[in-house]
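Here is a short briefing on one protein model. Keep the sequence and the 3D view side by side as you read.

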Amino acid sequence: MKNLEENFKLAKKQDRKGQKALYEMFSAKMLAISNSYVNNLHDAEDILMNSFFICFSKIDECREWKSFPFWLRKIIVNNSINFIRKSKNILYTDVEINEIGNMSEDWEEEIEEINMDEIFSKMPDGYRLIFNLYVFEEKKHHEIAEILNISEGTSKSQLSKSKKWIADFLKQKKDEKQYAK
């Protein structure tokens, strides 16, 4: 963490070496985060570059070096969501939770056995976006509704649909493994 503190202070002085060091420290992780939202590496790279440009031009808004990774992540997530808003029309549909059906209670444990990149690359955009915001960004449904300009009920139903989609995907993968034996 010592390097983070030093490089953060240098970057605040618009020092290119400090900026480069911060970019090298965080670019791979931030690219993965952006790609988990937009599901397109080329677009995620563009978002990453734009986000670092914003980050370095507004770095004075980040007060402490300890909060820098979280502040940068917020920029990446917001830029990813804005990209999705501008480039894709995502249809959110309301559905009653009891229409979803029964899911395995261990769906979270089953996810660990699967490549998350594979899941996110195949998951529908609306499901992936709400799942990411709820699970990884720890947003509440009212916050998601506000961010995406949807109802809170839509956020809840999309999260339930995403969980069902993951459970179905995992079941299909499990069945494929059994047939391969």
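This is a predicted model: local features need pLDDT of at least 70, side-chain atom pairs count only at pLDDT 80 or more; totals for chains, interfaces and linings use all residues.

The protein chain has nine helices and zero strands. Buried residues make up 42% of its 181 residues.

**Overall build**

- Read from the N terminus, the elements of the protein chain run α-α-α-α-α-α-α-α-α.
- Take the contacts between residues at least 6 apart in sequence: 70% of them join residues at least 24 apart.
- The protein chain exposes about 11,300 Å². Carbon and sulfur atoms supply 48% of that area.

**Aromatic rings**

- A pair of aromatic rings is described by two things: the distance of the centres and the angle of the planes.
- The structure holds nine aromatic pairs.
- One of them joins F52 and F56, with 5.7 Å from centre to centre and 40 degrees between the planes.
- F52 and F56 are both buried.
- The rings of F131 and F136 also pair, with centres 6.1 Å apart. Their planes meet at 75 degrees, so this pair is edge-to-face.
- Are F131 and F136 buried or partly exposed? F131 counts as buried, because its relative accessibility is 2%, and the cut-off for buried is under 20%. F136 counts as partly exposed, because its relative accessibility is 38%, and that class lies between 20% and 50%.
- Ring pairs also link F8, F26, F68 and W71 into a cluster.

**The second largest pocket**

- The second largest pocket has a volume of about 240 Å³.
- It is lined by 15 residues. The closest to its centre are A32, I33, S36, D117 and F120.
- Which helices each supply at least two residues of this lining? They are α2 (16-38), α6 (116-122) and α7 (125-136).
- Helix α2 gives the largest share of the lining, five residues.
- By class, the lining of this pocket has six nonpolar, six polar and three charged residues.

Notes:
Residues are numbered from 1 along each chain as its sequence is written. Side-chain values use heavy atoms; hydrogens and water are left out. Rings of Phe, Tyr and Trp (its six-membered ring) pair if their centres lie within 6.5 Å; planes under 30 degrees apart count as stacked, over 60 as edge-to-face and the rest as tilted. Buried means under 20% relative accessible area, exposed over 50%, partly exposed in between (1.4 Å probe, protein chains only). On a 1 Å grid over the protein atoms alone, a cavity is a set of points where a 1.4 Å probe fits but cannot get out, and a pocket is an open set with protein on both sides within 12 Å along at least five of seven lines; lining residues have an atom within 4 Å of a point. Grid points are joined across faces, edges and corners, and a volume is the space filled by probe spheres set on the points. Helices (H or I, at least four residues) and strands (E, at least two) are DSSP runs, numbered from the N terminus. Ala, Val, Leu, Ile, Met, Phe, Trp, Tyr, Cys and Pro count as nonpolar, Asp, Glu, Lys and Arg as charged, and the others, Gly among them, as polar. Contact means heavy atoms within 4.5 Å. Accessible areas come from the Shrake-Rupley method with a 1.4 Å probe; for residues, only the protein chains shown count as cover.
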